[in-house]
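Biologist: I would like to learn how to read a model with a ligand. Can we take one feature at a time?

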Amino acid sequence: MTQTSETDGTAGKSRANDEVWIVGATGRVGRGVTARLVARGLTVVPVGRSRERMVAAGTEAGLPGDAKVVIADSAERVADEIVRERPRVVVNTMGAFAATAPVIARACMPGGHYVDQANDVVAVDRLLALHDEAVRAGSTLVTGAGFGVLATEAVVAKLCEGRPTPHRVRVDAVGSVAVEAGVLGAALAASIVDALTAGGRQYENGRLVTSRLGADPQQLMFPDGESATSAGVASGELLAAHVVSGAPFVTATSALVPTAPLIRVLLPLLGRLLSVPTLRRLAVDRLGRAPVKAAPRPREHSWGHAVVEWADGTLHEGWLRAGDGMDFTADVTATVTELLARGVGTPGAWTPAAALGADLATTAGGTFVLDC
Ligand SMILES: NC(=O)c1ccc[n+]([C@@H]2O[C@H](COP(=O)([O-])OP(=O)(O)OC[C@H]3O[C@@H](n4cnc5c(N)ncnc54)[C@H](OP(=O)(O)O)[C@@H]3O)[C@@H](O)[C@H]2O)c1
C-alpha cells in the first residue's frame, strides 16, 4: 500500500516543486544525504517503507518530528508518488539500480531531476540510455554520484583536459570506509552479488568486451605512502572513463575485488552460481542480514586513480584523495542534488563529472594529486 503523509495539507501541492525526495532515507547513504541537504536549507522529504524508521532517521538528520514523509515500498510505488506530486529532485539510494533507476528516473520526467549512486555496468548503462528522453523532457539525470563513479571519472577528465583523445586509460578505485555496527544491508548485498555475477569487462578497440573478474591485479602505492591491492571489475567507472576520455582501450580495477590467488580462481565459478535467480535471492538475503561489527576505516584516505596513455607514448597519472568513501559519497550526492535543485545542470543523462565538470569532486571535498 502506498500512502502519503502531509503535515501541511494546504501547502503540500504548491510546495511540491521545491521538494527533494530521498528514496531510502533510513539507509546509510540516505541518512548522510538527508542531513547534508537539511543543513543546506533544502526542503527534504524522506521516502521509504517504514514511517517510524523514516521519522527517526529524519529527526536525527535535523528534520522536525512532524515533517512530511512519503511511504512507498517499491520503485514502482515510488514512481507513482513522483508522478502525482512532482518533486524537483529525487535522490534514489534504495539500490538494485539496474531495476530501480530507470523506473524512478522516468517518473521524474518531464522537468524533474534524478540522482543515484549506481556503480555497476548495467545500471549506469541503462540510466545513460535515457539521455535523449531526458533532453526532450528538460530533466537532468545523474548516475554514479558517489566515490564510485566520480573519484575516478574526475581524474580522467582532468588528465584529458585540453589534450587529444588518448589511446589507453586505466582507472583504479580504492575506497576506505568505516563500518557501522548492524547488518550489511540488502542494497549493499545486492551490489556485491551483482558485481560477482556480472564478471569482468573492459574496452578493446572501443568495444565493451567480457574479461575475467579479478584480472590485472594491481599493487597501488598512494601518494600518502599507504598501499592496497585491486583487481579488474565491470564497473560504472569503466563506462565513465570510456565516455569521458573517448579512449578505445579502457580497464578498471577496484580494491573490493579480492586479489588472493585462490579466491581469484574461484570468482568466475561463484559468479556463475549466483546467476541462478534462486541462489542470487538467497545470497542477497543472507548477506544482507549478515551481522557486521563496527570498525574504523582501514586507511585514512579513499583514492581514485587514473593512468592515461596517448598513442605517442605520453603518459599522465593522477589521483583524487578523499576521506571516508561513504562520507564522500553522501557529499557528492548532496552537492549534485543541491546544484540540480538550484537549476544548474544540462538536460540529459550523465555521469557526475560529465554533468557538472571534474571540479565537482573538489566541491564535494576531494583533492586532486596530478602529475601535470
Ligand atoms: N557509488 C558509490 O560509491 C556508492 C557508495 C555507497 C553506496 N552505494 C550504493 O548505494 C546504495 C545504498 O547504499 P546504503 O549503504 O545506503 O544501503 P542501505 O543502508 O541498505 O539503505 C538502503 C535504503 O533503501 C531502502 N529500501 C530498500 N528497499 C526498498 C524498497 N523496496 N522500498 C523502499 N525502500 C527500500 C532501505 O529502507 P529500509 O530501512 O526499509 O530497509 C534503506 O533506507 C547501495 O546500492 C550501495 O551499493 C554506492
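Biologist: What share of the residues in the protein chain is buried?

Modeller: Buried means under 20% relative accessible area, exposed means over 50%, and partly exposed lies in between (1.4 Å probe, protein chains only). Here buried residues make up 50% of the 372 residues in the protein chain. The model is predicted: local features need pLDDT of at least 70, side-chain atom pairs count only at pLDDT 80 or more, and totals for chains, interfaces and linings use all residues. Residues are numbered from 1 along each chain as its sequence is written, and side-chain values use heavy atoms, with hydrogens and water left out.

Biologist: How many helices and strands does the protein chain have?

Modeller: Elements are DSSP runs numbered from the N terminus: helices are H or I with at least four residues, strands are E with at least two. The protein chain has 15 helices and 19 strands.

Biologist: What radius of gyration does the protein chain have?

Modeller: The radius is taken over C-alpha atoms, and the globule rule is 2.2 Å times the number of residues to the power 0.38. For 372 residues, a compact globule would be near 21 Å; the protein chain has 20 Å, so the two agree. Along the principal axes, its C-alpha atoms fill a box of roughly 65 × 45 × 35 Å.

Biologist: Which residues come nearest to the ligand?

Modeller: A residue is near if one of its heavy atoms lies within 4 Å. Of the 25 residues around the ligand, T26, R49, R53, G148 and S191 come nearest. By class, the shell holds 9 nonpolar, 12 polar and 4 charged residues. Gly counts as polar in this scheme.

Biologist: Which helix gives the most to the shell?

Modeller: α9 does, with 3 residues. α2 (28-39), α8 (147-160), α9 (186-198) and α13 (325-341) each supply at least two.
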